Amino acid sequence: MHLPSPGRLAFGGLVSAAFALMLAPVAMVMVISIFAQEIVSFPPSGFTLEWYINAWQRQEFARGFLSSLQIATLATLIGVPLGTAAAFALVRAKPRGGSAMQTLLLGPLAVPGVVAGTALYMFYLRAEFWLDQDITSTLQGLVAAHVLLTIPWTVRLVTASLQGLDRAAEEAAANLGARPFTVFRRVTLPAMRPGIIAACLFSFIQSFENLELSLLLVGPGRTTLPVAMLNYLEFRMDPTLAAVATVQIILVAVLMLITDRFVSIARTV
Amino acid sequence: MGSLVLEALSKRYGQSTAVERVDLDVPQGEMVALLGPSGCGKTTTLRMVAGFVPPSAGRVLIGGTDVTRTPPHARNTGMVFQSYALFPHMTVADNVAFGLEMRRVNRAEREKRVREALQLVRLDKLEDRLPRQLSGGQQQRVALARALVVNPAVFLLDEPLSNLDAKLRGEVRMEIRSLQQRLGLTTLIVTHDQEEALTMADRLVVMERGRVRQVGTAEDLYESPADPFVAGFVGRCNLIEGELETPGGFRTATGALLPCIFGPRTPAGRVVMALRPEHVQIAPAEDGPARLQAVTYLGAQTEYHLDFNGTPLLAIRQTPAAEDPLRRLSNGDAVAVSWNPAAARLLPAAQPDGKGA
């Protein structure tokens, strides 16, 4: 066995430092969630699961969790098919101004959430006036806003997976006797599948974790989990929040792991 | 199984013509190569036969049936793509079974035929692999098996060897040819590699800028090319521009008078003299009219690049023995040049841009 070169050692150190920097807050939250004392301080006076029990017993977190789940699911179910269709059209039909359209579809990624949220809020108020119908603080309004979050990810991921497909494979299928729809089902769709699955995952997470966009659009009794957490923070500062965050982190991690069993996330994204 | 007939097949894209009135008759069991430089329309022609490109005019007949308006999936052609185009998410066996599945062949029969097809291309051990786990040569053989397993009426090959390394190319060439002959497949192969075409096909179709220049066997094209383009594209050839002088011979553009034989079919006026380099004899001579510019030793053969009164001339001789005076020639030496006048073919110079090799 021989020692790694100084260059390799430095590189390894840098990578470890980067990971440590990224994961430190996450680890911190998880650790704090089991500290016994109410005001976070070192060293801990003891460990407890009291905060998890507290979080579970507080209605706003349970309800927020459920409504976040509902909104993220709906936004994903609506946004991913829309984004997939858009990606398919962009790659295959190559419409005039396609690259401008693509930039537009990726736009929500570039606009700060608070700005988009405010803009949507003002737009909704105006629309309510014209349509004489509630939009802000309705489920529909919130889902529509979250669909906006899902589209850029979907367009990006599905476009990439489509571009990776050799068109000749579709011709080969037709040559072997497959009708156009069969070609799509047996060759094109499987090629898009990793992109679509990854898009579902990212869309769901984007929506589930979103705070800024939802902030102005949630209504009484329909608070999402991140908003509920922020509200709680305004009045209290105890590890209950860390417990909620830990549950959230674990949920996302589990989703990632499940998805990774079907498609390699590192290769698709 | 069936014959393939193309009738005045044309494809135009707006103003530009990709394929112009191609006529071709491929009887059952024959292998025909479409040969030409890139952009000559050979691939477009093949794709019109497969049904991927709708012709602007003309007809395609497979087994006597007009399939010009038939969609690709109903044509019963078996195509091997340049990129192989395997289905990346399916195993080797599933790739090969796809065409049978589309033809609603039952499972037992399907498995039997897939096994046979894979044995045919010697891949029966790898049926559970995915395409990305195979080498280029293996992928190529899967593509062959996939196209052959459905017993296509016409077998289509689009530059099938261009992604293989030189050594493998030679092997696969023999393999495809022997498969084709054993199974009696009516085959159309597209290639830009004349060696590939000469060694594999029964007949060759030389195309240039959308038009067929000449159709014939390898010997036909090599020994009696119809025009300077064919002469230059099939094998190597000295193409010397000039004019006929009667009586006398052929006057090159640079003014030299060269021996040649006039025949009843000799074109008049501006002509190109086509002279295969192996027909050019050379000998060291103090007062010879040509100068040696470069000698390329190729083992069995040696190439002599000459300057003949301003006309470049290539001679290919068997590499001379050690005591042969030719062996002592070096660059700049004067050389005498001769050839049998019957070996020099006079071709019409109608194509000013029909450059030779």
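## Ground rules

Residues are counted from 1 along each chain as its sequence is written, while chains are lettered from A and ligands numbered from 1 in the order in which they are written. Since the model is predicted, local features need pLDDT of at least 70 and side-chain atom pairs count only at pLDDT 80 or more, whereas totals for chains, interfaces and linings use all residues.

## Chain A: helices throughout

Helices here are DSSP runs of H or I with at least four residues, strands are runs of E with at least two, and both are numbered from the N terminus. Along the sequence that reads α-α-α-α-α-α-α-α-α-α-α-α. Taken along the principal axes, the C-alpha atoms fill a box of roughly 75 × 70 × 30 Å.

Of the 269 residues in chain A, 33% count as buried. For the cut-offs: buried takes 20 or more other C-beta atoms within 10 Å of the residue's own, exposed takes 12 or fewer, and partly exposed is in between, with C-beta atoms placed from the backbone. Looking at contacts in chain A with a separation of 6 or more, 76% are between residues 24 or more positions apart. A contact means that C-beta atoms, placed from the backbone, lie within 7 Å.

## What UniProt says about chain A

An unreviewed UniProt entry puts the feature "transmembrane region" at residues 12-36, 71-91, 103-125, 137-158, 195-219 and 239-258 of chain A. UniProt positions are given in the numbering used here, feature names are shortened, and annotations may be inferred rather than shown by experiment. Take residues 137-158 of chain A: 91% helix, 0% strand, and 32 Å between the end C-alpha atoms. Residues 195-219 of chain A come out at 76% helix and 0% strand, with 34 Å between the end C-alpha atoms.

The unreviewed entry also has "domain: ABC transmembrane type-1" at residues 65-259 of chain A. In the model that span is 82% helix and 0% strand, and its end C-alpha atoms lie 21 Å apart.

## Where A meets B

At the interface, 14 residues of chain A are in contact with 16 residues of chain B. On the chain A side, the elements giving two or more residues are α7 (167-175) and α8 (180-209). The largest share, seven residues, comes from α7(A).

By class, this side of chain A has nine nonpolar, two polar and three charged residues. Nonpolar covers Ala, Val, Leu, Ile, Met, Phe, Trp, Tyr, Cys and Pro; charged covers Asp, Glu, Lys and Arg; the others, Gly among them, are polar.

For chain B, the unreviewed UniProt annotation "domain: ABC transporter" covers residues 4-234. That stretch is 36% helix and 26% strand, with its end C-alpha atoms 24 Å apart.

Seven bridges join β1 (residues 4-13) to β2(B), and B:Val5 stands opposite B:Asp25 in β2(B).

Strand β14 (residues 270-275) pairs with β20(B) over four bridges, and B:Val272 stands opposite B:Leu347.

## A parallel pair and a buried leucine

Strand β6 (residues 77-80) of chain B runs parallel to β7 (residues 154-158), joined by four bridges, with B:Gly78 opposite B:Phe155. B:Thr77 and B:Met79 point one way from β6(B), B:Gly78 and B:Val80 the other way, and all are buried.

B:Leu35 sits in strand β3 (residues 31-35) of chain B and is buried because 28 other C-beta atoms lie within 10 Å. Beyond its neighbours within four places in sequence, the contacts of B:Leu35 include B:Thr191, B:Ala197 and B:Val206. B:Ala197 is 162 residues away in sequence, yet 6.9 Å from B:Leu35, C-alpha to C-alpha.

Note on methods
Two residues are in contact if their C-beta atoms, placed from the backbone, lie within 7 Å. Two strands pair if DSSP finds at least two bridges between them.
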